[in-house]
Amino acid sequence: MDIPAGFEQWQWQPLEVRVFAATTAYRLIEPQQPDWTLLQRWYPQCTEQKLSNFWLCEIAGRRWTFLEYSSGQWVLMPVVNPVVERDSPLPMGLDLLSVSESNGSEVYLYFSNKPMPRLQRQLRFRLAQRIAEIKTLEQEDDLWLLKDNDGRLVFSQHGDWTFVTLLR
C-alpha cells in the first residue's frame, strides 16, 4: 500500500475513489479509532491541522487527509486537486476547487496552503483596484466587498490552510 510511514502499523482496507480523479483511499480497520498520540509523534508538524474529525498534513511532498466520513469510520487518502473546466472569474492565482450555484449566486471555492494573512497580502496586491471595502465577520478582515458587481470574497482559515469563497 502507498500510505505514509507510521500508518502502515495499522490495518487498512483500500477503497477506489472517483470524485475528482481516480485515487485510492484507505479505510481504517484496526484500530477502530485513530491513536492521535501516535499521529502526533509521527507527524508533530501536523498536530495543529487537526480539526475535530478532519486532519490535513503534507507528508513527503504529498498532501494527505485523514477524516471521519461517517460515525466511527475513518479514511486516509491523498488530497486530489481536481481539474475544473471553468476558468476563475478573478485573477487570484489560486486553484479553483469547485463552482456551484446557490440562491441565484455563483459560488467559486478556492484552496490554499498559505496562512490567511499571507494569502490576503498576496491578494490585496493582485486585486487592489477591485477591492471596494474590507470588513470583519469572524476573523479580522475576512470579508472583502469587490467593486463593479465582482462579488465578495470570504476567507476561512483552518490551521495553515485557507479557503476562499467568491460569491457573485
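Reply: In this predicted model, the count of aromatic pairs comes to 14. One of them is formed by F7 and Y43, whose rings are stacked, with 6.0 Å from centre to centre and 20° between the planes. This pair links distant parts of the chain, since F7 belongs to the segment before β1 (11-18) while Y43 sits in the loop between α1 and β3, and the two are 36 residues apart. Both F7 and Y43 are buried.

A second pair has another geometry: the ring centres of W12 and F66 are 5.9 Å apart and their planes stand at 65°, and because an angle over 60 degrees counts as edge-to-face, this pair is given that name. Here too the pair links distant parts of the chain, with W12 in strand β1 and F66 in strand β4, 54 residues apart. Are these two residues buried or exposed? W12 has a relative accessibility of 8% and therefore counts as buried, and F66, with a relative accessible area of 0%, is buried as well. The residues of both pairs also belong to one aromatic cluster, which is formed by F7, W10, W12, W36, W42, Y43, F66 and W74.

The loop between α1 and β3, which holds Y43, is also the place of C46. C46 is buried, with a relative accessible area of 3%, and, leaving aside residues up to four places away in sequence, it touches W55, L56, C57 and E58. With E58 the separation can be given in two ways, for C46 and E58 are 12 residues apart in sequence and 7.8 Å apart in space, from C-alpha to C-alpha.

Some details of the backbone in the loops are worth a careful look as well. The peptide bond that runs from E30 to P31 is cis, with omega near -5°, and P31 lies in the loop between β2 (22-30) and α1 (36-42). A60, although it is not a glycine, has a positive phi of about 50°; this residue is found in the loop between β3 (54-59) and β4 (62-70). Is A60 buried or exposed? Its relative accessibility is 82%, and because a value over 50% is needed for that label, A60 counts as exposed. D148 is another residue other than glycine with a positive phi, here near 55°, and it lies in the loop between β9 (143-146) and β10 (152-158). D148 is exposed, with a relative accessible area of 72%.

Looking at one pairing in detail, β6 and β7 pair in the antiparallel sense over seven bridges, and the bridge partner of S102 in β7 is S105.

Which residues of α2 are buried? They are M116, L119, Q120 and L123, and because they cover an arc of only 100° around the axis, they lie on the same side of α2. What covers these buried residues includes β7, β9, β10 and β11, whereas R121 and F125, on the other side of α2, are exposed.

Not counting residues up to four places away in sequence, F111 touches R63, D95, L97, W161, T162 and F163. Of these contacts, L97 is 14 residues away from F111 in sequence and 6.8 Å away in space, C-alpha to C-alpha.

Definitions and conventions: Residues are numbered from 1 along each chain as its sequence is written. This is a predicted model: local features need pLDDT of at least 70, side-chain atom pairs count only at pLDDT 80 or more; totals for chains, interfaces and linings use all residues. Side-chain values use heavy atoms; hydrogens and water are left out. Helices (H or I, at least four residues) and strands (E, at least two) are DSSP runs, numbered from the N terminus. Buried means under 20% relative accessible area, exposed over 50%, partly exposed in between (1.4 Å probe, protein chains only). Rings of Phe, Tyr and Trp (its six-membered ring) pair if their centres lie within 6.5 Å; planes under 30 degrees apart count as stacked, over 60 as edge-to-face and the rest as tilted. Contact means heavy atoms within 4.5 Å. Two strands pair if DSSP finds at least two bridges between them. The arc is that of the directions from the helix axis to the C-beta atoms.
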